[in-house]
Amino acid sequence: MIERANVILNCFALKTSDANISTVKALVSDESYRLHVKHFLQDPEVSITYKVKRLPKGLFEIHVASIDVSLDEVENSIEKVKDHIMDKERSSLELLKAKELIERALFKKLITKGWSCEYRHGYYTCYREKLGENEIASTKAPWLFTFYREYRYKTMVMTDGLYLFVEPRLRVEGTDFSSLLKYLGDGVLDEVISKGVSCIAYRESEKRYRRAVAVRLINSTKGRRVEVIYFDGEEAQVELEKVKLIGNVLWLKGFVTGLFGQEAYETYAQLQRRYSFSLGTKESKYTMGSEFKEESKKFIKNVRDSNVLPLRLSDVVVDVEDKPLEVDGNASREVW
Amino acid sequence: MRAERFGNLEVPKRRFGGGFIEVNPRRGLSKGGPYASPARIKEEATLVIPLIVKSSVYEEPQNFKEKAMEFLDKLCEEFRKYFRMSVENAKEEPYEVLITNPYKPAELQRLSAELRRIKNELRDRYGDALEQRAVVLIFARQSLKYQKLSPYYVSKCVLGHEIASQVVTDVALSNFDMSLANVSLGVFAKLGGIPWVLNNFLPVDVVVGVGKTIIKYREEGRGEVSQDYLGSVAIVGANGVISEVRAKVASTKEELASWIGSNVQRAVSEFVLSSGTEEVSLSIHYSGKKPSKDELDGLKEVIEDLKNKKIKVSYKVLHITDDVNASLLCKGCNYYPASGLYYLLSDKEAYLTPLGALKLGSSGPYYSFTGIPRTLKVSLVDASEDNEGGASRLTEGLREVYYLTFMHIAGMQININEPITTKYSRDVARLVGSVVCVRKKLGMECSISLGDVYERPWFL
């Protein structure tokens, strides 16, 4: 059977005033890049964006463009790290090869406009808006979780151009154990932790938070600590401020219900289901798809309202379309 | 609006016992029974032995044991109903283990010792029947997700692939309806049964799923001290049935790549021997990181070796990942993706949504999921030169990937979000990796010896 099908992708076409973006091309050694140049390039205070390519023999080729300032200012900025640069010259990049420049420029500009942003595994994630504040305020523990609408974005080259893919998501942040101790007191917290509480704990050796289970509250010579067992079995004693409840209400059902009652759990759990596009409810199948599309559009609107868009990269104006990409055609399908 | 670069793949049908053809696994098994059962299951009753793991720090529901026994009774009915199995329920004398905190290493060591004692006692009591036709059902509290030191991994470490075992958690006990059918299906597969095959076979003879991961070893308070590479392969035939799974821990990437190559070579050679043909169509599915140039060169050498043995191999290498933030929203399905919908990004890359809205006859769309399903990105990494153009080769790969999402044999859902080639190779890599970690941390003996061939999917 042949069906007529219309498909919408959660991506927005990028438009530029020119097909090439002017850059300063620099050559640096592996060591200089890791120790000095990378930190300079990533500094959100410096109005530059970059693309990096590893060359043979431990060298890096970097293309640097300016964000909303002239390229001459980039030249001036680079003076700060000139001792670590082997060679530099004016160059340019084709738009289709400049996706990193656009992603990073958005990232930096969003940070300067008050968004919280992270970069991991090739994706940029930004959030600002809190969700469900009224419902949360009505619970017995309004400090337990904070909900944010976050957007994960990436630029992608498709057959005929460059697109910005935007995926709306829910971010849930659990409170840290120092707050738990403040609100619950020693005895109660000690008892609940002894059963094992799902958390994320800072791992000093990796300089990042890792999944763990909190098993005991202890007094050490360095003060109060939480004894945790990381996901891979390593045990550690971590400061209360560096251990946070895992950002998933559903995984903490027993913990929340036991301490704050069924009503508090239901409020948080419903918010998580309502705003998380990966969960949903039986009823949401009639609305969630279109909400997903609308939320993607909302990101573009918010970014434009925050004056992040349009961007000016060196001498080129970069903007995105307001509507997501729509394709249509005939699709053959057996209906059973 | 732009030119058509998307399409819908047809939903594959399954073939059950007695040649019964159906899409829905539950309906197919009810009406036709399983496609094939091991001879021993047909000839003798299968023993179902309960083992209850209690934890003293939790207030276990008073009726935990009663619930478990009720579950067991109903499960035995499911075995009869769906798999025509005769079952002997050993519920009169359930084994029980009591531990305190289920995450503390010392407690887990005690649990391991207890499980080993029980395993030996079961062996003494049931003899060879234990490995041949028995299944141990372990009733325990659900472990915290991703925690490797947990009763689940300890039980897998002790029982491993020697005894078919299934952990049933308090969460499953709280809602029997779905879990009963899923557990019975998984146990049947672990015993070596084939619940269904694809009605229309894949257009390839051998599909090899490759999974790779790194196991990092740490010492308390120190960073990473050493690491190993863990690889796994899952071999699937044209009928969509998994024939074997292997896992290997290697100290270098090169050693692992060579091991993967030798398994591809062996799988093709065995197919040639069993089918009597000298022409083989081979497909290799990579998950995780894309294969490097060196890995691809290694595979090409393997193909050359096979050619020297007068085996003509037509091959393609696909990379499959769900680490994408793209969604294909179908207007006609409330902006949900439709199951089997794909979009060609180029001749080498495409998006595919295996899960999504399906049409059931003349009724409205059927949603086999909650939430927006993840999209897969399928890339044609390499292909033999004798192949047709890239786009048609990629579309053929998409169909293969989509069909294999219907061959997951541990759940009664219509399909899952990835092909079993990548899922099973990754699952076994993750499980073996966790078991290696448990063994090292707790200094335990382990029944899983690495490099083993697992003919039965014990890891499900």
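Modeller: Domain bounds here come from an automatic or database domain assignment. The model is predicted: local features need pLDDT of at least 70, side-chain atom pairs count only at pLDDT 80 or more, and totals for chains, interfaces and linings use all residues. Residues are numbered from 1 along each chain as its sequence is written, while chains are lettered from A and ligands numbered from 1 in the order in which they are written.

Biologist: What makes up the two domains of chain B, and where do they lie?

Modeller: Domain 1 of chain B covers 37-193 and domain 2 of chain B covers 198-428. Over C-alpha atoms, their centres are 31 Å apart.

Biologist: How do you know that domain 1 of chain B touches domain 2 of chain B?

Modeller: Contact requires C-beta atoms, placed from the backbone, within 7 Å. Five residues of domain 1 of chain B meet that test with four residues of domain 2 of chain B. The domain 1 side has three nonpolar, two polar and no charged residues. Nonpolar means Ala, Val, Leu, Ile, Met, Phe, Trp, Tyr, Cys and Pro; charged means Asp, Glu, Lys and Arg; the others, Gly among them, are polar.

Biologist: Why is helix 9 of chain B called roughly parallel to helix 10 of chain B?

Modeller: Helix 9 (residues 253-275) and helix 10 (residues 293-308) of chain B pack at about 30°, with axes 9 Å apart. Axes are lines fitted to C-alpha atoms, for helices over the stretch in contact, and angles run from 0 to 180 degrees between N-to-C directions. Under 35 degrees is roughly parallel, over 145 roughly antiparallel, 65 to 115 roughly perpendicular, and the rest oblique. So helix 9 of chain B counts as roughly parallel to helix 10 of chain B.

Biologist: Which residues make that contact?

Modeller: Helix 9 of chain B gives A257(B), S258(B), G261(B), V264(B), Q265(B) and V268(B). Helix 10 of chain B gives D294(B), E295(B), G298(B), L299(B), V302(B), D305(B) and L306(B). By class, the residues of this contact are six nonpolar, four polar and three charged.

Biologist: What makes up the contact of chain B with chain A?

Modeller: Chain B puts in 49 residues and chain A 54. Strand 1 (6-8), strand 15 (328-330), strand 16 (341-344) and helix 12 (420-442) of chain B each supply at least two residues of the chain B side. Helices (H or I, at least four residues) and strands (E, at least two) are DSSP runs, numbered from the N terminus. The chain B side divides into 22 nonpolar, 14 polar and 13 charged residues.

Biologist: How many helices and strands does chain A have?

Modeller: Chain A has eight helices and 18 strands.

Definitions and conventions
Two residues are in contact if their C-beta atoms, placed from the backbone, lie within 7 Å.
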